[in-house]
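Q: I would like to learn how to read sheets, helices and a ligand shell from a set of coordinates. Could you take me through it step by step?

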Amino acid sequence: MAATIPNDEKLWLFFTLPQIITFENIISTNLTSFPFLATLIVLYFLGLFTWAIFSSPGGPAWKKGRNHMGQVPIPSPKGLPVFGSLFTLSHGLAHQTLAYMAQGFGSKQLMALSLGSTPVVVTSDPEIAREILTSPYFADRPIKQSAKQLMFSRAIGFAPSGAHWRLLRRIAASHLFSPRRILAHESGRMLECTNMVNAIFKEQVLHGVVSIRKHLQAAALNNIMGSVFGKRYDLMNGEGNMSHEAKELDELVKEGFELLGAFNWSDHLPWLKHFCDPSGIVQRCSSLVPHVRRLVQLIIDEHRERRMNNGSDASENSDFVDVLLSLEGEEKLQEDDMVAVLWEMIFRGTDTIALLIEWILAELVLNPTIQSKLQNEIANAMESAATNSAIAKLPYLQAVVKETLRLHPPGPLLSWARLSTTNVSLSNGMVVPKGTTTMVNMWSITHDPNVWDNPAMFNPERFLHNSATAGIDIDVRGSDLRLAPFGAGRRVCPGKDLALVTVSQWVAMLVHNFKWIQHETNPIDLGEVLKLSCEMKCPLSAVAIPRNCFVTKQYKY
Ligand code: HEM
């Protein structure tokens, strides 16, 4: 955010033209189809020609003064005809581009853009973000074609905010995310972590360096599989040793992540789907769905059979499938809805956790003083025989997690946008028209020097609030929009407590068992890439030196 950009509406060229000229986005979406390329080129030149005559602030989705419905108009950079700002935002780091645009156009409170025919507003302001996220008129989400095809329209994240969505949230809140359930799954969570620590140790001994992401992803996937499906796989043994089912699951999840995170031109240029399938997304979704359905259905059937043989009471240790199967009457879910809800949990619960821990470790490698301070805090707590839950709440550990969420929010645009269900008046005099895709740029807020001192610096001390330090005591779970990486309001992330407990406990174990240092030929690169989550562009490789306290199978706090 340090760059200063002149406040000039014509700056849209600065953000838009370079993207078009390189055509990098077109190529990067694997568009080999000639009709698609030809259509785009023709439309582009047609667009340029008509732009001079028809261009409107905000682009094609904001015609007829839609950005001018309140006392105060929504600032809107000009967009290309037909495409609007599609070329600018279809690839690369959209959260950063939008942050610079908002700064340049003086539109941090709200900025209107067009993604093809989709009207979009983005805020980079904590107060307006709070208004939007907590308003009942922004409680729906726009749904992407891939999410629809992958059955997510009936799952929690994309279901419209009616009775079905409320039922799903209630069930998930009490049977998957309540403090009682989180505690009940503690032994499984720690088992996954112990296995991960052992696998890291093995790789360090064999190769002298560890590529950490695959370990974190395998542990996170297995952990969520344990609490949702009651099933664990041997995912850490290398591909050759995986069972057929584990390998299939691994592949299905990876393909699903890619499809959900991919930018689909047809979402914003609906007419395009009549000509071609730009990134092959429709076709890939169609072939993925039957596999997912079969795999999840198999697990549901196994549970059904077990319940018939052993009785059907959902006990404290039962998994989420058991809970869904035990619902009766109006609460009973249809088979397809069950598949969707279960599948969504696997998606949401895996990558976010793994990628956040990877960012934390990268920052700890780059900041050895902070790493050893954290190690001391954990060692002291262990000496006094603190429990896992107590360790997860240690103040410095919490500060490190918060500071990483601030610098590297996994969903910098809060991943899933909201949709206005009516014309909504905001306190600043602007009106967001009905049917507008509404995004909060959390990255922009957490990197804003007007909100945070020295925002580019990794400084957990800013969150230490005690007699010695004057840090701020902030709850990251949605009550303070200066740092709300889990969103806020009625659609806030329901998995936030589970995520925070898992991340804290696993980071504690990883830094207690290893000293993490930079590998000389793999220097750490904090570059980002935005997919379904914002991840490290160059996955972290680091040296994990076992510490004196290293313990393997019998690991116990
Ligand atoms: C570091 C970890 C995580 C982060 C940063 C994160 C972030 C988010 C964000 C930003 C949203 C949108 C909130 C909004 O619109 O206000 C969300 C929604 C959601 N998250 Fe998470 N999440 C994480 C972990 C999890 C986990 C572990 C699960 C479940 C196992 C989960 C399940 C969901 C679901 C189901 C929704 C949709 C809620 C709805 O629309 O009603 N998340 N998450």
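What follows is a dialogue that goes from the overall fold to single residues, and the model it discusses is a predicted one.

Q: How many helices and strands are in the protein, and what share of its residues counts as buried?

A: The protein contains 20 helices and eleven strands, and of its 557 residues 45% count as buried.

Q: How should I read a sheet, and what is the order of the strands in the open sheet of three?

A: The general idea is that strands of a sheet pair through backbone hydrogen bonds, either parallel or antiparallel. Here the order is β3-β11-β8, and the pairing is antiparallel. The edge strands, each of which pairs on one side only, are β3 (210–211) and β8 (514–518). Helix α15 (residues 335–366) packs on this sheet, where it touches β8 and β11, and its direction makes about 75° with that of β8.

Q: How many bridges join β3 to β11, and how many pair β8 with β11?

A: Strand β3 is joined to β11 (residues 541–546) by two bridges, the two strands running antiparallel, while β8 and β11 pair through five bridges, also in the antiparallel sense. At the level of residues, Val210 has Ala542 of β11 as its bridge partner, Ser211 stands opposite Ser541, and Trp516 is bridged to Ala544.

Q: Why does Ser211 count as partly exposed?

A: Ser211 counts as partly exposed because it has 15 C-beta neighbours inside 10 Å. This residue belongs to strand β3, and, when neighbours within four places in sequence are left aside, Ser211 is in contact with Pro539 and Ser541. As an example of distance along the chain against distance in space, Ser211 and Ala544 are 333 residues apart in sequence, yet their C-alpha atoms are 10.0 Å apart.

Q: Which residues touch the most other members of the largest nonpolar core, and which helix gives the most to this core?

A: That core has 134 residues, of which Leu342, Ile357, Leu361 and Val507 touch the most other members. The helix that gives the most to this core is α15, with 19 residues. If neighbours within four places in sequence are again left aside, Leu361 is in contact with Ile212, Leu510, Trp516, Leu540 and Ala542.

Q: Which residues come nearest to the ligand, and how do the residues of its shell divide into nonpolar, polar and charged?

A: Around the ligand there are 29 residues, and Arg348, Gly349, Gly487, Cys493 and Gly495 come nearest. The shell divides into 17 nonpolar, eight polar and four charged residues. Helices α15 and α20 (496–513) each supply at least two residues of the shell, with α15 giving the most, namely seven.

Q: What is the order of the four strands in the other open sheet, and what is their pairing?

A: The order is β1-β2-β7-β4, and the pairing is mixed. Its edge strands are β1 (111–115) and β4 (418–419), each pairing on one side only. Two bridges join β4 to β7 (residues 437–440) in an antiparallel run, and in β7 it is Thr437 that is the bridge partner of Leu419.

Q: Which helix lies across β2, β4 and β7, and which of its residues are buried?

A: The general idea is that an α-helix has 3.6 residues a turn, so residues three or four places apart point the same way. Helix α6 (residues 126–134) lies across β2 (118–123), β4 and β7, and runs at about 130° to β7. The buried residues in α6 are Pro126, Ile128, Ala129, Arg130, Ile132 and Leu133, and what covers them includes β2, β4, β7 and α19 (442–446).

Q: Which residues are buried in helix α5, and which residue just after α5 takes a positive phi?

A: In α5 (residues 94–104) the buried residues are Ala94, His95, Leu98, Ala99, Met101, Ala102 and Gly104. Just after α5, Gly106 takes a positive phi of about 60°.

Key. Residues are numbered from 1 along each chain as its sequence is written. This is a predicted model: local features need pLDDT of at least 70, side-chain atom pairs count only at pLDDT 80 or more; totals for chains, interfaces and linings use all residues. A residue is buried if 20 or more other C-beta atoms lie within 10 Å of its own, exposed if 12 or fewer, and partly exposed in between; C-beta atoms are placed from the backbone. Two strands pair if DSSP finds at least two bridges between them. Two residues are in contact if their C-beta atoms, placed from the backbone, lie within 7 Å. Axes are lines fitted to C-alpha atoms, for helices over the stretch in contact, and angles run from 0 to 180 degrees between N-to-C directions. A residue is near a molecule or strand if its C-beta atom, placed from the backbone, lies within 6 Å of it. Ala, Val, Leu, Ile, Met, Phe, Trp, Tyr, Cys and Pro count as nonpolar, Asp, Glu, Lys and Arg as charged, and the others, Gly among them, as polar. A nonpolar core is a set of buried Ala, Val, Leu, Ile, Met, Phe, Trp, Tyr and Cys residues joined through C-beta atoms within 7 Å.
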